[in-house]
Amino acid sequence: MRTAIRVAAAITVAAGLTLAAARAGQPSARAQSPSPAYAAPRAPDGHPDLNGIWQAVNTANWDIQDHPARRGPVIALGAAFSIPAGAGVVEGNVIPYQPWASEKKKKNADSWLTLDPEVKCYLPGVPRATYMPHPFQIVQTRNTILMAYEFASASRIVRMTKTENAPIDFWMGWSRGRWDGETLVVDVTGFNDQTWFDRAGNFHSEALHVVERYTRTGPDQLWYEATIEDPKVFTRPWKMSMPLYRRAEKNAQLFEYKCVEFVEELLYGHLRKEDSK
Amino acid sequence: MRRRLVFALAVLASAPVAQLAGQSPRAAATSTQTIPRAPDGHPDLQGMWTNVTITRLERPAELKGKAVVSEAEAAAYAKEYLKTTDKDRRDGGRRADVERAYNAFFWDSGTELAVVNGQRRTSLIVDPPDGQVPALTAEAQKRIPGPRPAWGSAVTGPDDPENAPPFGLYENPEERPLAERCLLAFGSSSGPPMLPIAYNNHYQIVQTPGYVMILVEMVHDARIIPTDGRPHGNTRRWLGDSVGRWEGDTLVVDTINFKPQVSFRGSSEHLHVIERFTRTGANTILYTFTIDDPTTWTRQWSAEIPLRATGERLFEYACHEANYGLEGVLRGARAQDKDKETSEQPKAKQK
């Protein structure tokens, strides 16, 4: 109960800060930068302990930019599955697309249901996996950090000691980590061009390079930043940031969301023998 | 083709040869003094491991009564085995060629018999001592359909429960095997129990004081096993509900609550798997499992599989993201339906 209140309070505070920052005309992400004052608990190797089950409490998976509420795509689902409004997580709320890419983003948005890889239960890529409406778990050791995501049983290994470049391309990228003081920095390359940033059609190419920063800012809070670089799609690097919250309830755990079975009718229904169940 | 000839068993070679059945893995561990330990004092199981071996789950008929073979016998067996299973052979006619279309390049199914406690084993099953899965209960015999089509064994191996019916049904995706749908690995690679299969036999273990995580190459499944003393949950899962505990230097993982669609060699929803991981040396873990499902088998049964450290990398087995196999299978079946329809129509008109 106390934890729930604490998380709720944190969300309220964060939301309040965002609004205040927006009113003041400042980049909202900057206003929330991690407090250096917090002394994080330590893992056995002396680095901050990031172990736990974490989740974003925002609407970034709907749209990483500012967005109003709107009706969902399925009339029958009404208010239960319509789209909530939300403050963007992109610094300055601008994604610096090249002109052709800006057009493509609009087309992606117009054909969201047919084009979004999430709808098909494809591996979500990085950073999107971080802020989907599902928890993920960090299992942290000195040489290896596992990030396991509930959505589609996606996972990735962060290599802390290996410098090898991506040997092939990966849906979830090729992650190499290092500690920058209190912050875990993960350099992710080796992507394909198939994943998106959100349900609003924001996209990238296979040249995507993501630098993530994970910083403990409280007992149940991580600060997450991702710098996005993709010279084929954007005119300059850009950044998103958000708090992540610990799933602190008793018996918190990562469940299975093997969504493959939920999309088979969508993908293969036209190949079903008539009347077969 | 990756050949791994080195078995790091120098330490174990001096261990006394013990009875196979009912032997405690801990007894084996006591002969090794310097296993790596995690900061919390428990044995450190971390690293990249492989369970690949040519030893089958069940003892082949030609080795009946022979649980362990000599070095020379093992070498002869391996030579013959690799020859008969060579997918690059083209001496069997058209049908055999089709079965071997997944040629040797794609296979990584081992070159040596499994070695446990210095013994070269002819089956992974150690209990019952005949190395065979015990008889089915009367109830299970009624529940489980007849023998599977033989050709499925060419793709994944005869130990593969995915080759059990409904292999051969093509009306819709739900009828296809779970591996073909990219829901789980074939051959119980992800398990539990985790068995060696045709390829991708890699497991990465990451261990913290509250969890042991086993990342299975197929199908990028992370088995996250709490070791914090929590009880089983109530939710049925594809990988079952696993909880772990340390018994001395052995990690014991207890799994129940599999989804009803999951059937390990015909098991029911009452399947209960007990796995034991014992670090037996610098480069080895002894992995054992016991299958407990009185609704399916007339007795419990157990197997032992050595895990060996490997320098291989674990790649992302993105399966569903380009599953043209499943689409092709269903599309082919519908095309056959149509052919059948049109070939029957002229006959009807003639009447």
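Mentor: Let's start with B:Arg59, which is buried, with 21 other C-beta atoms within 10 Å. Keep in mind that this is a predicted model.

Trainee: What makes B:Arg59 count as buried?

Mentor: The cut-off is 20 or more other C-beta atoms within 10 Å. B:Arg59 has 21 of them, so the label holds.

Trainee: Where is B:Arg59 found in chain B?

Mentor: In the loop between strand 1 (47-50) and strand 2 (68-69) of chain B. Setting aside neighbours within four places in sequence, its contacts are B:Lys64, B:Thr122, B:Ser123, B:Asp130, B:Gly131 and B:Gln132.

Trainee: Strand 2 of chain B sits in a sheet. Why are strand 2 and strand 3 of chain B said to stand at the edges?

Mentor: First the layout: it is an open sheet of 3 strands in chain B, in the order 2-4-3, with antiparallel pairing. Strand 2 and strand 3 (115-116) of chain B each have a single partner strand, so one side of each is left without a neighbour in the sheet.

Trainee: How do you know that strand 3 and strand 4 of chain B really pair?

Mentor: Pairing takes at least two bridges. Strand 3 and strand 4 (residues 119-121) of chain B run antiparallel and have 2 bridges, so they qualify. B:Val115 stands opposite B:Arg120 in strand 4 of chain B.

Trainee: What makes strand 12 of chain B largely enclosed?

Mentor: In strand 12 (residues 284-292) of chain B, 7 of the 9 residues are buried, so the rest of the structure largely encloses it. Strand 12 of chain B has antiparallel pairing with strand 11 (residues 272-281) of chain B through 9 bridges, and with strand 13 (residues 301-309) of chain B through 8 bridges. B:Thr278 faces B:Leu286 in strand 12 of chain B, while B:Tyr287 is opposite B:Ile305 in strand 13 of chain B. Strands 11 and 12 of chain B form a hairpin, with 2 residues between them.

Trainee: Over in chain A, how many residues of strand 8 are buried?

Mentor: 7 of the 9 residues in strand 8 (residues 221-229) of chain A are buried, and the strand is mostly covered. Its antiparallel pairing with strand 7 (residues 209-218) of chain A runs over 9 bridges, with A:Thr215 opposite A:Trp223. A hairpin joins strand 7 to strand 8 of chain A through 2 residues. Strand 8 of chain A also pairs with strand 9 (residues 238-246) of chain A, antiparallel over 8 bridges, where A:Glu225 has A:Ser241 as its bridge partner.

Trainee: Which residues does A:Met242 contact?

Mentor: Beyond neighbours within four places in sequence, they are A:Ala56, A:Asn58, A:Ala60, A:Val89, A:Tyr131 and A:Tyr224. A:Met242 is also listed among the residues with the most contacts inside the largest nonpolar core, which has 108 residues. That list includes B:Ile205 and B:Met213 too.

Trainee: Which residues of helix 5 of chain A are buried, and what puts them on the same side?

Mentor: In helix 5 (residues 260-268) of chain A they are A:Val260, A:Glu264 and A:Tyr268. They cover an arc of only 65° around the axis, which puts them on the same side of helix 5 of chain A. An α-helix has 3.6 residues a turn, so residues three or four places apart point the same way. The face turned away from the buried side of this helix carries the exposed A:Phe262 and A:Leu266.

Trainee: How many residues of chain B are in contact with chain A?

Mentor: 34 residues of chain B contact 33 residues of chain A. Helix 7 of chain B gives the largest share of the chain B side, 6 residues. By class, that side has 15 nonpolar, 8 polar and 11 charged residues.

Trainee: Last one: what confidence does the predictor give?

Mentor: The complex gets an ipTM of 0.85 and a pTM of 0.85. Chain B averages a pLDDT of 85, and 82% of its residues score at least 70. Over residues 1-32 of chain B the pLDDT is below 50. Where pLDDT is low, the predicted coordinates should not be read in detail.

Terms used
Residues are numbered from 1 along each chain as its sequence is written. Chains are lettered from A and ligands numbered from 1 in the order in which they are written. This is a predicted model: local features need pLDDT of at least 70, side-chain atom pairs count only at pLDDT 80 or more; totals for chains, interfaces and linings use all residues. A nonpolar core is a set of buried Ala, Val, Leu, Ile, Met, Phe, Trp, Tyr and Cys residues joined through C-beta atoms within 7 Å. A residue is buried if 20 or more other C-beta atoms lie within 10 Å of its own, exposed if 12 or fewer, and partly exposed in between; C-beta atoms are placed from the backbone. Two residues are in contact if their C-beta atoms, placed from the backbone, lie within 7 Å. Helices (H or I, at least four residues) and strands (E, at least two) are DSSP runs, numbered from the N terminus. The arc is that of the directions from the helix axis to the C-beta atoms. Ala, Val, Leu, Ile, Met, Phe, Trp, Tyr, Cys and Pro count as nonpolar, Asp, Glu, Lys and Arg as charged, and the others, Gly among them, as polar. pLDDT is the predictor's confidence in each residue, from 0 to 100.
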